[in-house]
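Subject: Structure for you to look over

Hello,

Here is the structure I said I would pass on. My notes on what turned up in it follow below.

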Amino acid sequence: MASEDRFAAANKAHFDQPLPAGTSFSQIVPGIDVVQKRTIEEILQLYPFDRESTTVLDFACGNGDIAALLSPHVYSIIGVDISQGMVDRFNETASTRNIDMKAFCGDILDASQVPEALSEKAFDVIICCLAYHHFTDLSAMTMRLISYLKPGGALIISEFLKYPLSTTSHAHIIPHEDPSVFEESQMRKLLTECGLKDIVFSQRMDVNLYHNDCVIMVTRCLKPL
């Protein structure tokens with residue numbers, strides 16, 4: 001776990017950094033608004049969300065933009081992130097946009113840091129958007145996420161197949177230098193070995209982030225009944 005702890009601590013420190021005064025997240029990450037909207041469009045095609053009943057966990061939730069876009073389609077949504085800075089931004093997004101959602105800070109791989117909000121909780125859907133490349137042990141993380149799913153629940157992951165930037169300058173927070181680990185064959189192997197079924201992949205999305213071309217794919221799989 002030493003390696004996982006090193007990357008987890010580095011990610012926490014990185015994402016805890018405040019935004020420069022007078023700037024928005026979309027200014028820091030040019031193109032993210034379009035990427036988020038297209039991701040939500042794909043997610044909505046992959047699961048029959050019900051405004052009256054679907055409960056969602058947004059894991060590695062970031063600043064809340066994805067949850068805000070999904071919120072009109074679900075009954076409830078909570079976020080969890082290892083970064084208190086991101087959790088604060090998520091809750092500010094909820095307050096500013098008057099959306100009934102809340103995020104909590106914690107690390108689900110460390111039993112002592114699991115948020116109380118997740119205690120004995122199970123969700124219909126867990127989403128994790130553009131965050132898997134930050135996790136060292138993909139199998140361990142997937143198994144922990146599965147433990148928070150209801151039987152028959154869906155795990156939905158969006159991830160890069162081509163990074164928008166060189167990983168060299170971000171090697172301290174990205175353990176997977178080669179995004180081919182998130183290609184369809186590798187994801188199918190990972191998710192199948194973790195006991196998930198009915199694995200479905202979206203179309204590959206050619207998008208632009210940081211003024212560079214990149215490729216993203218959304219994967220949906222189900223926890224057995």
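The second largest pocket is lined by L19, S24, F25, S26, D33, N63, D65, R89, E92, T93, T96 and R97. Two elements, α2 (25-28) and α5 (84-96), each give two or more residues to this lining. The largest share comes from α5, with four residues. By type, the lining residues divide into two nonpolar, five polar and five charged. The volume of the second largest pocket is about 240 Å³. Please keep in mind that this is a predicted model.

Next, helix α6. The helix spans residues 138-146, and its buried residues are L138, M141, T142, L145 and I146. They lie on the same side of α6, because the arc they cover around the axis is only 140°. As background, an α-helix has 3.6 residues a turn, so residues three or four places apart point the same way. The partners that the buried residues of α6 pack against are the strands β1 (55-59), β4 (123-129) and β5 (149-162), together with helix α7 (184-193). At the N-terminal end, α6 is capped by D137, which has a side-chain oxygen 3.3 Å from the backbone nitrogen of S139.

The last item is G195, which sits in the loop between α7 and β6 (197-201). G195 and L222 are 27 residues apart in sequence, and their C-alpha atoms are 9.0 Å apart in space.

Regards

How values were computed. Residues numbered from 1 in each chain as written. Predicted model: local features only at pLDDT ≥ 70, side-chain atom pairs only at ≥ 80, totals over all residues. Heavy atoms only, no water. 1 Å grid on protein atoms, 1.4 Å probe; cavity = no way out; pocket = protein on both sides within 12 Å on 5 of 7 lines; lining within 4 Å. Points joined across faces, edges and corners; volume = space filled by probe spheres on them. Nonpolar A, V, L, I, M, F, W, Y, C, P; charged D, E, K, R; others polar. Buried < 20%, exposed > 50% of the residue type's maximum accessible area, 1.4 Å probe, protein only. Arc of directions from axis to C-beta. Contact = heavy atoms within 4.5 Å. Polar contact = N/O pair within 3.5 Å; in protein donor to acceptor, adjacent residues only side chain to side chain.
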